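Here is a short note for a colleague who is new to this structure. Please keep the model open while reading.

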Amino acid sequence: QLVESGGGLVQAGGSLRLSCAASGSHFGSHAGGWFRQAPGKEREFVATLTRSGVTTYYADSVKGRFTISRDNAKNTVYLQMNSLKPEDTAIYYCAASSAAVADAKFYYSWGQGTQVTVSS
């Protein structure tokens, strides 16, 4: 089971850090990813990282602003979001996969999501 936290309301230019804690399994055995879904839009890939956390991939829209990381000792994956923009407003979901890929269909365990709202 994956549980996200850390969402909220922030002004444009601000920062938030999302956390995704796993229970019932060792998150370090899986690649981790973050996706988001804005109102009226399809779910889109944000970032992913390998089991070790050494290799990361980002959507072009967040590259240079967001950082994905993990602490396997805490069974947690993080998403540090800086220089937030109104277009980053969405529900953010974390997920687990066997590989660090951008395609959501390869992810087999999902959290319930956390709302991020960026005001202009």
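This is a predicted model: local features need pLDDT of at least 70, side-chain atom pairs count only at pLDDT 80 or more; totals for chains, interfaces and linings use all residues.

1. Numbering starts from 1 along each chain as its sequence is written, and side-chain values use heavy atoms, leaving out hydrogens and water.

2. Start with the open sheet. Four strands make it, in the order β1-β3-β8-β7, with antiparallel pairing. Strands are DSSP runs (E, at least two residues), numbered from the N terminus; two of them pair if DSSP finds at least two bridges between them. β1 (2-5) and β7 (66-71) are the edges: each has a single partner strand, so one side of each lacks a neighbour in the sheet.

3. β7 pairs with β8 (residues 76-81) over six bridges, in the antiparallel sense. Here I68 stands opposite L79.

4. The largest nonpolar core has 32 residues. Such a core is a set of buried Ala, Val, Leu, Ile, Met, Phe, Trp, Tyr and Cys residues joined through side-chain atoms within 4.5 Å. W34, V46, F66, I68, L79, M81 and Y92 touch the most other members. β9 supplies the largest share, five residues.

5. T48 lies in β5 (residues 44-49). T48 is buried, at 1% relative accessible area (buried means under 20%, with a 1.4 Å probe and protein chains only). Its side chain reaches the backbone oxygen of G32 at 2.8 Å.

Notes:
Buried means under 20% relative accessible area, exposed over 50%, partly exposed in between (1.4 Å probe, protein chains only). A polar contact is a pair of N or O atoms within 3.5 Å; within protein, one must be able to donate a hydrogen and the other to accept it, and residues adjacent in sequence count only if both atoms are side-chain atoms.
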